[in-house]
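Dear colleague,

I am passing on the structure that we talked about, and below it you will find some notes on what came out of it. Please read them with the structure open beside you.

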Amino acid sequence: MTTLKEQLENRIEATTRWENRRQYAADGPNMKNLWVLACMDERLPVDEALGIRADTPVGGGDAHLFRNAGGIVTDDAIRSAMLTINFFGTQEIVVLQHTGCGMLSANGNDLEAALRNKGIDLDNIPIDPSLPELSLADGAFAKWIGMMDDVDETCIKCVEQLRNHPLIPDDIIISGWIWETEFRRLRAPDLTAATRAVSQPTAESMGVKGKQPPRWS
Ligand SMILES: [Zn+2]
C-alpha cells in the first residue's frame, strides 16, 4: 500500500518535473507528444474537439497548441512545428479547422481592397517587423491573408504541406480534422460527405462571390 506521505512526495516530484519539462528537451515532451495547429476562432473548443487538455493550464499540458486565423500552415506555424518536433519530443501533428470559419466569410481580394482604401501601403508591409528579410513578392498580399474557398479542401492541403515539408521528418504522424461548429462534432475532412450540405464548408455557402487568390488550389 502506498502511504499518503509517498503519494504527496510523488505528486510534488511530478509537478516539479511538469514545471521544468522544457529544460529536458526531447526527454520532457508534452503529455501526448503532440503539436496542434488550430483556428483561433473563439467557438472552436480545441480540448473538447480532440478530447485532450491543451488549454487547461495547471495539470493540463497535453499538447503544444498553435492557433492562427484558419489554423493554416504559415511560416510561423512551420517554425513552431519545427521546434517542437525536432527538439521537444513531439511525434504527432493534428490540424483542426472548422465550419463557419471567418476565413470563408470574405474574398481575400476584397479584404486587400478594403485595406488599400484605408490608405495602407500594402506594397511595403513588414511581414515580420523583427525579420525584414522576410517579405512578400509584389502582388502576393491577398494570397498571404489565406482566405479559404473550402475548409475541407484547405485542411487536406495543409496536411499535405506538413507531410512534404523538409523540416518535418517523415515518421511524424499527421492528421487533419473538421469541427462542425453547428453540431459540436468532429469529422474527417471530406469533399463529398452529405453532412457538408447542412454545414458551411465553403466560402460560396457563406455568400462569398468569386474564387479566392490561388493559395490552396
Ligand atoms: Zn476559423
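How many helices and strands are there in the protein chain? There are 6 helices and 5 strands, where helices (H or I, at least four residues) and strands (E, at least two) are DSSP runs, numbered from the N terminus. Please keep in mind that this is a predicted model, in which local features need pLDDT of at least 70 and side-chain atom pairs count only at pLDDT 80 or more, while totals for chains, interfaces and linings use all residues. Residues are numbered from 1 along each chain as its sequence is written.

Read from the N terminus on, the elements follow the order α-β-α-β-α-β-α-α-α-β-β, and the C-alpha trace spans about 70 × 45 × 35 Å along its principal axes. Of the 217 residues in the protein chain, 29% count as buried, which is to say that 20 or more other C-beta atoms lie within 10 Å of the residue's own, whereas 12 or fewer make a residue exposed and numbers in between make it partly exposed, with C-beta atoms placed from the backbone.

Two residues deserve a careful look. Asn 33, in the loop between helix 1 (4–19) and strand 1 (34–39), has a positive phi of about 45° although it is not a glycine, and Asn 33 is partly exposed, with 19 other C-beta atoms within 10 Å. Arg 184, which is not a glycine either, has a positive phi of about 50°; Arg 184 sits in the loop between strand 4 (173–180) and strand 5 (185–187), and counts as exposed because it has 11 C-beta neighbours inside 10 Å.

Best wishes
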